[in-house]
Amino acid sequence: MNHIFKSLDGKNTNELFGRLPTPCYIIDEGKLRTNGEILASVMKNTGCKILLAQKAFSNFDLYPTLADYLAGTEASGLYEARLGAEEMPNGEVHVFSAAYRDDEFDEILKYADHIVFNSPRQLKKFAAKAKSAGKSIGLRVNPECSTQEGHEIYDPCAPGSRLGTTRAVFDSELGDEYITMLDGLHFHTLCEQDSDALETTLQALEAKFGDILPRMKWLNCGGGHHITRHDYDIARLERCISEVRAKYGLEVYLEPGEACALNAGYLASRVLDVVQNGDTQIAILDTSAACHMPDVIEMPYTPPLLQADEGGEYSYRLAGPTCLSGDVIGDYSFGRELHEGDMLLFGDMAIYSTCKNNTFNGMPLPNIWKLSVDGELTRLTDFGYDEFKRRLGRMK
């Protein structure tokens, strides 16, 4: 776990974060730069382009930091496309949506450089308009190759998946007229995986669509690549990219979200109370898994905790203050007893947290702080009651 909090080595976190009102998120600019340097190195070594998938990390105040290293942004719809265009204006904007809305498509064209369609039907409906607007267009394909286990909710190649066009559908619904209009193919099949999964997927892609690739200008390998993880096989990744580029003469894109902001954020919380139920001691915190770290329940997973001690003699279940019985963060061991007011620091909270949180039970949104490279803390938000109320009705 030490690698998750490596950027805090030698720092007294109580002194550094102890005065912050909790709960709050802290985005570590230094770690973002470290991740960016790794991604920039991959681009330099292979000639590929790497984009920020904003669905994982949308804290645009930090986009100028990432812009130094990335080729642009990836969006899942209109709002993210606009955000990427406005906040990383010198980068490319790529958009993929499972289905585009008629009343939004013209505005998407204002922001997007690449537009990827999910189905032949959507391609036929919007391709001519996109091409006439000078956009590069692609089709998301499904290589029907599952490489992950235990996370079916995140497997776009699962049986019956709505994401991507299988080769059977490609052949039955797309004539040469529309294949000729395509500039590229897109696939996204990975989730927090190493480059061996990409290698396997590329082999499946070639088996299914190898005759189509020579007709394309680019290939987008989607996200889910854990490139900045401490044990990720970067050499294999670079070999995969280089071989595809050499074999087919394609521009290659990757659009990871997690890799851009992996381990670059924390969630600071305090103990509100400690209760007992049988042999279980439960520390109720001022932060909620359901509201402030929803992937803990959705994935599910147990987030890393700086103060945890696997060999500690004191065990606690950490839980949120909401009425949801399952608002549980996880079970942890400590080297000492927990008391009201103790600060706890969860790691890897820059991704899928601030962009997915909510105000269930009237829980306040945690404010977001930036930890600069020189150790200065800057508050980026000022959330309060209005954020809760304006989502539910008319503001007077």
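A search of the whole structure finds 26 salt bridges, each defined as a side-chain nitrogen of Lys or Arg within 4 Å of a carboxyl oxygen of Asp or Glu. The model is predicted, so local features need pLDDT of at least 70 and side-chain atom pairs count only at pLDDT 80 or more, while totals for chains, interfaces and linings use all residues. Residues are numbered from 1 along each chain as its sequence is written, and side-chain values use heavy atoms, with hydrogens and water left out.

**Salt bridges**

- Asp102 and Lys125 meet through their side chains at 3.0 Å, N to O. This pair links helix α5 (residues 102-111) to helix α6 (residues 120-132) across 23 residues; helices are DSSP runs of H or I with at least four residues, strands are E runs of at least two, and both are numbered from the N terminus.
- Asp102 counts as exposed at 53% relative accessibility, and Lys125 as partly exposed at 45% (buried is under 20%, exposed over 50%, partly exposed in between; 1.4 Å probe, protein chains only).
- Asp183 forms a salt bridge with Lys131, with the closest N and O atoms 3.0 Å apart. Asp183 is buried at 5% relative accessibility, whereas Lys131 is partly exposed at 31%.

**Parallel strands**

- Strand β2 (residues 49-53) runs parallel to strand β3 (residues 72-75), joined by 3 bridges; pairing requires at least two DSSP bridges between two strands.
- β3 also pairs in the parallel sense with strand β4 (residues 92-96), over 4 bridges.
- Thr73 in β3 stands opposite Leu52, and the bridge partner of Thr73 in β4 is Val93.
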